[in-house]
Amino acid sequence: MTWPNLVITGASGFVGRHLIGAIQDDHRIFGIARRSQGRSGVALHPNLIWFQADIAERAQIEPVFRRIREEGGADTVVHLAADRDAFGGASSAQWRTNVIGLRHVLELSAWLPARHFVFASSVAACRIPRPGMAVTEGSPPHARDIGAVTKREGEAMVFEFSDRIHSVIARFAAPFSDWCEHPPLSAALDRWLSNAWLRTSLHGHGRSAVPYLHIGDLVLFLQEVLRSIEGLKPCEVLLASPDGAVSERELYEAATLAHFGARGRSLAMPGAVRGALAWAEALIARLSVRPPFGRTWMTDPVDGVLAVDARQTRRRLEWAPRPRLEILRRMPFLIENRKIDPAKWAEMNRTAVAELPIPASLKIYWLLEQHQERIIRDFNDLLTGPLRQARFSRYRALTSAQHEWNHRVVLRQLMNAVRTEDRGVFMAYCQDLANQRCKEGFAANEVCGALEALNLVCWRVLRLDPESKGLRQPIFDTITSTLRSGCDQVQEAFEVLQLRDRRARAQAERKG
């Protein structure tokens, strides 16, 4: 059974991508994002219709909603689209997207007409409570930084439209995943675990604290909101957050323990020193397009605790954060991912920060990932088809299960070489492949022919995707050149094995 149609704005963002992946089997989804679906890394799905548009541009977004209405409309709009300045300064882009864009979406949602509207706000829109107190569902969004101001304006706008569309306000804690994907925290981890001279420094006494929520729990929260939305009050505020808050010192100690095996000793920074460092950090970050830790989610005043009490939300929804996904318990998983796959860590967290130039190798990796099932199917047909009987006779003798396994392994090794721009692992794989195939009676030209066939299939499949436009030379450099190097490695390995075999036979004949 398919549930009612949904519109999801910010579909290419961190939360949007995960939400779509969780609910697309049960909902027909109209995704709206500034990025294309291919570039966003969101897989094709029969229930997902993607629109690339800027919600702040009325001329772009109005035709999208007109098309959605023609396609049957939508019962609920989940508004996740938002801009944030990772450097913490005033940002016209934030006002443009978070306020002007929201008004466009609200007006057009009422025109559809949609019955429900879910607005993603933030617990950071509320001021730091007094010591011993906590932010609740009733706390006003009166924080003063530009991001909080735009969320306050957004919540006020939701109330303004309450006579036209039933709305719910969801204030999120700081979302994160096992790959981090929370810019201030990823920047902090990169500094704490580096050799930088200020790696042990914390802001103030390290007591600044905010709540964090794992993306898995946040997606379950949104699913429960959608399931329960009929029974929620107009403009009801819900907190997608655990109770309490986690301090910078706690994060620092958990990260250093997971990375080094012992809790690091931190250095408290007086206000004057912290101010000078913050200025320097901001300057360096702007020059390097990298956010300094403490700008987006750092509490103000220093050592402020943005504690949360979300008991009312838990009473209203059949949802609660899972203890095993609490950030201090997940820290070892974050650190392990950072260690074992630093390239993916950098890729995930660079994407989380902003629209930065993406290396061609990553674009090609994403294309391979998106089309891997088609590549595997076509590769298998090329090796086992009737026209290939003579050239690939040994491959035709393998079972379907063996082909499936072999094709996935070689493609995964190729994708890793493309993503990391390092052919070393693929060369080692080809060495092992040659040794195994030689024992099985394969000839070197048959194994090399299979690698050449894989290159042909990759070209055919990727060039059909519009996202490959302009990538002809990078595809040659990352795929064709890698597979050619692999062929050379196979031939060399066969020559060594054959020479070793001839020497062994000659030695045996001499002894005989």
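**Notebook: cores and salt bridges**

I started with the largest nonpolar core and found 60 residues in it, with Val7, Ile32, Leu189, Trp192 and Tyr212 having the most contacts inside it. For my own record, a nonpolar core is a set of buried Ala, Val, Leu, Ile, Met, Phe, Trp, Tyr and Cys residues joined through side-chain atoms within 4.5 Å. Buried means under 20% relative accessible area, exposed means over 50%, and partly exposed is in between (1.4 Å probe, protein chains only). Helix H4 (residues 92-111) gives the most to this core, namely 5 residues. I take helices (H or I, at least four residues) and strands (E, at least two) as DSSP runs, numbered from the N terminus. Apart from this core I found another, of 47 residues, including Tyr365, Ala417, Phe442 and Ala444.

A note on what I'm looking at: this is a predicted model, where local features need pLDDT of at least 70 and side-chain atom pairs count only at pLDDT 80 or more, while totals for chains, interfaces and linings use all residues. Residues are numbered from 1 along each chain as its sequence is written, and side-chain values use heavy atoms, with hydrogens and water left out.

Next I looked up Val7. What does Val7 touch, leaving aside its neighbours within four places in sequence? I got Phe30, Ile32, Phe65, Ile68, Ala74, Thr76, Val77, Val78 and Leu112, with contact meaning heavy atoms within 4.5 Å.

Then I went on to charges. I counted 27 salt bridges in the structure, each being a side-chain nitrogen of Lys or Arg within 4 Å of a carboxyl oxygen of Asp or Glu.

Glu71 and Arg28 form one, with their closest N and O atoms 2.8 Å apart. Glu71 sits in the loop between helix H3 (58-70) and strand E4 (76-79) and Arg28 in strand E2 (residues 27-33), so this pair ties together parts that are 43 residues apart in sequence. Glu71 is partly exposed at 28% relative accessibility, and Arg28 is partly exposed too, at 24%.

Glu404 and Arg408 make another, at 2.6 Å between the closest N and O atoms. Both lie in helix H16 (residues 400-420), 4 residues apart, which is about one turn of the helix. I noted Glu404 as partly exposed at 36% and Arg408 as partly exposed at 31%.

I also checked Asp163 and Arg164, whose side chains meet in a salt bridge at 3.8 Å, N to O. Asp163 is exposed at 63%, whereas Arg164 is partly exposed at 47%.

Last entry: Arg58, Glu62, Arg66 and Glu107 are linked in a network of salt bridges.
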